[in-house]
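Subject: Structure for you to look at, with notes

Dear colleague,

I am handing over the structure below, together with an account of what was found in it. Please read the notes with the structure open beside them.

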Amino acid sequence: MEVLVLSAHLPSPVSSQGGQKTCYWFAEFFARRHRVHLLAFATDIDSQHFRREDMAFFHSWQSVPWSNADRVRGILSSPRLPLGIAVRNSGLFREKLRGLL
């Protein structure tokens, strides 16, 4: 089975953020039996904890660099979307997602 993980942050086993750790271990668990692909936003903070070797179990992985300026641009370009979705409104992310699907 193919599993696609979409994440608002790069998964990491050493991050101080619980969501990043949970996503990492969830994906690692599924990778034991399935082909797991990752598409994630990568903030400056995520990049501090990034280790290429942590991505070894992913069949494929891609990231989209994401900054506060990108968040503001997403909000302003999508006033009808809920704020939590608009802050991650990205044409590049959608394009990469289409490629994976």
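Strand β2 is mostly covered, since seven of its eight residues are buried, where buried means under 20% relative accessible area, exposed means over 50% and partly exposed lies in between, with a 1.4 Å probe and protein chains only. Helices (H or I, at least four residues) and strands (E, at least two) are DSSP runs, numbered from the N terminus. Please bear in mind that this is a predicted model, in which local features need pLDDT of at least 70 and side-chain atom pairs count only at pLDDT 80 or more, while totals for chains, interfaces and linings use all residues. Residues are numbered from 1 along each chain as its sequence is written, and side-chain values use heavy atoms, with hydrogens and water left out.

The sheet comes next. Three strands form an open sheet in the order β1-β2-β3, with parallel pairing; two strands are taken to pair if DSSP finds at least two bridges between them. The edge strands are β1 and β3 (60-65), each of which pairs on one side only. Neighbouring strands of this sheet are turned against each other by 10 degrees on average, direction ignored, where axes are lines fitted to C-alpha atoms (for helices over the stretch in contact) and angles run from 0 to 180 degrees between N-to-C directions. Between β1 and β2 the parallel pairing runs over six bridges, and V3 stands opposite V36 in β2. Helix α5 (residues 91-100) packs on the sheet, touching β1, β2 and β3, and its direction makes about 165 degrees with that of β3; contact here means heavy atoms within 4.5 Å.

Now to the interior. In soluble globular proteins, nonpolar side chains tend to be buried together. The largest nonpolar core has 11 residues, namely V3, V5, L10, C23, A27, V36, L38, A40, A42, M55 and F58, a nonpolar core being a set of buried Ala, Val, Leu, Ile, Met, Phe, Trp, Tyr and Cys residues joined through side-chain atoms within 4.5 Å. At least two residues of this core are supplied by each of β1 (2-7), α1 (18-31) and β2 (35-42), and the largest share, four residues, comes from β2. Apart from it lies another core, of six residues, with F41, V64, W66 and L97 among them.

Not counting residues up to four places away in sequence, V3 touches F30, H34, R35, V36 and H37. F58, which lies in the loop between α2 (44-49) and β3, counts as buried because its relative accessible area is 5%. F58 and G74, by contrast, are 16 residues apart in sequence and 28 Å apart in space, C-alpha to C-alpha.

As for charged pairs, the count comes to five salt bridges, each defined as a side-chain nitrogen of Lys or Arg within 4 Å of a carboxyl oxygen of Asp or Glu. One of them joins the side chains of E2 and R35 (2.8 Å, N to O), and this pair links distant parts of the chain, with E2 in strand β1 and R35 in strand β2, 33 residues apart. Both partners are partly exposed, E2 at 47% relative accessibility and R35 at 41%.

In helix α3, R73 forms a salt bridge with D70, the closest N and O atoms being 2.4 Å apart; the two residues both lie in that helix, three residues apart, about one turn. Salt bridges that share partners also join R51, E53 and D54 into one network. Within it, the side chains of R51 and D54 meet at 2.9 Å, N to O; R51 is partly exposed, with a relative accessible area of 33%, whereas D54 is buried at 6%.

What surroundings does D70 have, leaving aside its neighbours within four places in sequence? On that basis D70 is in contact with P65 and V87. The residue sits in helix α3 (residues 68-77) and counts as buried because its relative accessibility is 16%. The side chain of D70 also reaches the backbone nitrogen of S67 at 2.9 Å.

With best regards

Note on methods: Polar contact = N/O pair within 3.5 Å; in protein donor to acceptor, adjacent residues only side chain to side chain.
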